[in-house]
Amino acid sequence: METAHQPLGGEDEYLNHRRLKRGAAGWILLAGLGVAYVISGDFAGWNLGLAQGGWGGLLIAFVLMAVMYTCMVFGLAELSSTLPTAGAGYAFARRALGPLGGYATGMAVLIEYAVAPAAIATFIGGYVEALGLFGLTNSWPICLVTYVIFIGIHLRGVGEALKIMFAITAVATVALIAAVVGLLPKFDAGRLFDIVPDGSAGSSAFLPMGISGVLAALVYGIWFFLAVEGVPLAAEETSNPTRDMPRGIIVAVIILVVFGALMLVLVPGAAGSQAMSTSDNPLPEALRIAYGGNTFLADFINYAGLAGLVASFFSIIYAYSRQLFALSRAGYLPRWLSLTGARRTPYWALIVPGTVGFLLAAITQDGALLINIAVFGATVSYVLLNLSHIVLRKKEPGLERGYRTPGGIVTTSIALVLSAVAVVATFVVDVFAASITAAIFAAALLYYWLYSRHRIVAGAPEEEFAQLAMAEAELK
């Protein structure tokens, strides 16, 4: 049993140094934030799934993951309108599954959000190298500059950061539309199936790596949507979370499904699945292949593609800082990590994971490896998030909800099954990376069991939600 403690110096003083700026975002900014989290996945990373499952395998993976995310987002829309705190996933699971479940969910999310920007940073380096900028042949200086600049902007304040994110995302969206216009005339369905079948069970032109290729491609199907579930992390900085959260996250996932489908079909359909299966900058490279050389449009997409990568990088920094902030404020992680400055930004929660992410990007320089690590954390959290929705519906049917999931627990049960399959897929793609990440996750759980469960801060908002539930249950 965990022990709840009041912090030294009094609860009010403790929380006063750990407050975020309220009212900084409405539903439009939230929808923009949701798209920003993910839009880099349209510019790079997803195409590596072509090498795992061929176009058919990646198509099936995309459809399955689109269903999983859509079902999960409906559940998160309900949870975020019911429990609007910066802890988001950790807070939902804390209420439904208890402190261990809440902490495990929060740590899985934190692994995802700390590592995903590192993967994106390697793709930013690839786009810069493709443009021949600064004469760089190694991307680590780009990674360093990217982290320093965008963490610096976040330190200035959340309102400023969200508006800049929105503007960058708008540029990236224009680039995706321009890519669609440029690739559509060059589309040839035959190019989708130019990967030679490898003789695996069930292999064909449609599934060149057979049935097993579908499972392996799931990780990259996830990359089209990874991190959209982070929208509820902005709850404490939102004008009206009960109304704005469901609207923002649902609009975001609809936009992402449309753009993901267009990229999946048009990019390999214009340049060939084989050529795209190893590219670090697939959109501009597809245009150059399709048009037989460099074009103004390819260069524009290359530059604007950097905006897409930056948008996701920039926004996931926001996400990891809020998840770390919430876990630290509640005492699950060292409390100094949740300190906020005069601008109400959690500076240590921005800087520490950023340092870890930069080192990962600079040392590994392997976007595919980092994707698999991030996806492992994501899929574990998805299992727990969907389970939380189901448990809360069963355990607290009378809980006041600002939004109710269409289909109820049937919807999130579909997402739960698919997310469990996706956890298995991370081991199929790279058993070493998944095993290492699982070991780190296990070490984090050990830290909770041996240390932090005895130092939980009772006055943290996420803990208050849970204590209220227990008090109500005792009254009944």
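Start by selecting helix α16, residues 431–450: this helix contributes the most to a nonpolar surface patch, giving 4 residues. Keep in mind as you look around that the model is predicted. To see the whole patch, show the side chains of Phe427, Val431, Phe432, Ile436 and Ile440, which together make about 480 Å² of nonpolar surface. Now centre on Ile436, a residue of α16. With a relative accessible area of 42%, Ile436 is partly exposed. While the helix is on screen, recall that an α-helix has 3.6 residues a turn, so residues three or four places apart point the same way.

Next, pick Arg455 and Tyr451. Arg455 lies over the face of the tyrosine, 4.0 Å from the centre of the ring.

Colour Pro282, Leu283, Pro284, Ala286, Leu287, Arg288 and Ala290 to pick out the buried positions of α11. Then step just past the end of α11 to Gly292, whose phi is positive, at about 70 degrees.

How many aromatic pairs does the structure hold? There are 22. Zoom in on Trp55 and Phe206: their ring centres are 6.5 Å apart and their planes meet at 80 degrees, so this pair is edge-to-face. The two residues lie 151 positions apart and link distant parts of the chain, with Trp55 in helix α4 (residues 49–82) and Phe206 in the loop between α7 (158–183) and α8 (210–222). Trp55 is buried, at 9% relative accessibility, whereas Phe206 is partly exposed at 34%.

Another pair to select is Phe150 with Phe314, a tilted arrangement with 5.1 Å from centre to centre and 50 degrees between the planes. This pair also joins distant parts of the chain: Phe150 belongs to helix α6 (residues 140–156) and Phe314 to helix α12 (residues 296–329), 164 residues apart. Phe150 is buried, with a relative accessible area of 13%, and Phe314 is buried too, at 0%.

Technical notes
Residues are numbered from 1 along each chain as its sequence is written. Side-chain values use heavy atoms; hydrogens and water are left out. Rings of Phe, Tyr and Trp (its six-membered ring) pair if their centres lie within 6.5 Å; planes under 30 degrees apart count as stacked, over 60 as edge-to-face and the rest as tilted. Buried means under 20% relative accessible area, exposed over 50%, partly exposed in between (1.4 Å probe, protein chains only). A charge sits over a ring if NZ of Lys or CZ of Arg is within 6 Å of the ring centre and within 35 degrees of the ring normal. Patches are made of residues with over 30% relative accessible area and no salt bridge: like charges are joined within 9 Å, nonpolar side chains (Val, Leu, Ile, Met, Phe, Trp, Tyr) within 5 Å. Accessible areas come from the Shrake-Rupley method with a 1.4 Å probe; for residues, only the protein chains shown count as cover. A salt bridge is a side-chain nitrogen of Lys or Arg within 4 Å of a carboxyl oxygen of Asp or Glu.
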